[in-house]
Amino acid sequence: MAGRTVLIANPSADVYGSDLQLVESVGALSGAGYRVLVTVPAEGPLTDRLRERGAEVLLVDYPVLRKAHLAPARLIGLAGAAIAALPRLISLIRVTAPDALYVNTVTLPWWLLAGRLSRVPTVCHVHEAEEPTSRLVGRALFAPLRLADRLILVSRTALAAIGRAARTGRTTVIYNGVPEPGEPFRPVEPGLPVRAVCVGRLSERKAPHVAVEAVALLRARGYDLHLELVGTVFAGNEAYEQRLRERAAQPDLAGAISFAGYCSPIWPRLAAAQLAIQPSRNESLGNAVIEAQYALRPVVATGVSGHLETIVDGQTGVLVPPDDPEALAAAVARLIDDPALAARIAEAAQASARQKFSVQRYADELAAVFAEVTR
């Protein structure tokens, strides 16, 4: 693919799930011989990683659709910002003359429109497609996907969520490629306190508050358990973290909850834990589960659609209903009380993750899509 160029649009320079997957996408495309240009609105932790994998980073100002924008008054303001940005996006496409435009999210529909107006083959990678909370939200998020020539989806859950925006012949499910730790992990060693880790954004959707309440229940029943929360809030959602901290400071949890903030690489946090808890209310796939499986840490997760593609209940993890601290506490207690079961689950999960989510498999499948699109 010498001489071919892919222009990628990403919503931020953060380093969470879809952003980290972009690093693997850049590596796959660079390895296949493409010149890779990545646009982000500002410098951030992601940009150096992209450059290390062979990308040229372009700083371009454009808005990003957030669920907070779906209120009518905010939509009007967002629409104005998008209209103002569209000429800049089209101009950049003309200047860089890519063979394909790769939009790494559903939250940049103006990039899809710019690609269509510029007559450049456009691929949209759908990471965020949990089942929408309302028909209006679903339409706002997924209707613009019809502007793309090809859709890549992270899971069958995402494919089902986007509904009619997916048309036969233009959609491909490619499971994430999740890098393994550089050094092999040893099995969990027993000890007190039992240490659990919960990795992800501090948000209502990721629901770490449910994990906190489960820990409170277990400590009331005599379990010496400590939970580490690894992640940060979105700007504007600081009140949620404050509520978590206030709950953690109450007498029944004093000293049992710690806040690590954002941590990358995640492996030292997993090495310090004996099990992982993922209490999300919905999930397209969930790299945090896969990373815990690589690390030989048994996972207790909610039985939401995305987790059903990474966990077989009782075999490669334990699944519980969302928003149910009692069920979560019971599942964690089951693993603590039966170390042999926890070890069997961890070993089976690691083997499964290596088979389904390898970086090389991801790179081969992604490169095949772009070979077809740019042919």
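**Exercise 1. In which loop is the place of Ala-207?**

Solution. Ala-207 sits in the loop between S8 and H7. Helices (H or I, at least four residues) and strands (E, at least two) are DSSP runs, numbered from the N terminus. The model is predicted: local features need pLDDT of at least 70, side-chain atom pairs count only at pLDDT 80 or more, and totals for chains, interfaces and linings use all residues. Residues are numbered from 1 along each chain as its sequence is written, and side-chain values use heavy atoms, with hydrogens and water left out.

Next, the backbone. Ala-207 is not a glycine, yet has a positive phi of about 60°. Then burial. Ala-207 counts as buried because its relative accessibility is 0%. Buried means under 20% relative accessible area, exposed over 50%, partly exposed in between (1.4 Å probe, protein chains only).

**Exercise 2. Is Lys-206 buried or exposed, and what is it in contact with?**

Solution. Start with the place: Lys-206 lies in the loop between strand S8 (194-199) and H7. Lys-206 has 17% relative accessibility, so it counts as buried. Now list its partners, leaving aside neighbours within four places in sequence: Arg-201, Pro-279, Ser-280 and Glu-283. Contact means heavy atoms within 4.5 Å. Finally, check Glu-283: it is 77 residues from Lys-206 along the chain, and their C-alpha atoms are separated by 8.4 Å.

**Exercise 3. Find two cis peptide bonds that end at a proline.**

Solution. Take Pro-193. The bond from Leu-192 to Pro-193 is cis, with omega near 0°. Pro-193 is in the loop between strand S7 (171-173) and S8. Now take Pro-265. Ser-264 and Pro-265 are joined by a cis bond with omega about 5°. Pro-265 is in the loop between strand S10 (257-261) and helix H9 (267-271).

**Exercise 4. Describe how H10 packs on H12.**

Solution. Two packed helices are described by the angle between their axes and the distance between the axes. Helix H10 (residues 287-294) and helix H12 (residues 339-356) pack at about 115°, with axes 7 Å apart. Axes are lines fitted to C-alpha atoms, for helices over the stretch in contact, and angles run from 0 to 180 degrees between N-to-C directions.

Then the residues. From H10 come Ile-290, Gln-293 and Tyr-294; they meet Ala-346, Ala-349, Gln-350, Ala-353 and Arg-354 in H12. By class, this contact has five nonpolar, two polar and one charged. Ala, Val, Leu, Ile, Met, Phe, Trp, Tyr, Cys and Pro count as nonpolar, Asp, Glu, Lys and Arg as charged, and the others, Gly among them, as polar.

**Exercise 5. Which residues of H11 are buried, and what do they pack against?**

Solution. The buried residues of H11 are Ala-327, Leu-328, Ala-329, Ala-331, Val-332, Ala-333 and Leu-335. They pack against helix H7 (208-220), strand S9 (225-230), strand S11 (275-278), S12, strand S13 (318-320) and H12. Turn to S12, residues 299-302, which holds Thr-302. Thr-302 counts as buried, at 2% relative accessibility. Among its contacts beyond four places in sequence are Gln-278, Leu-319 and Val-320.
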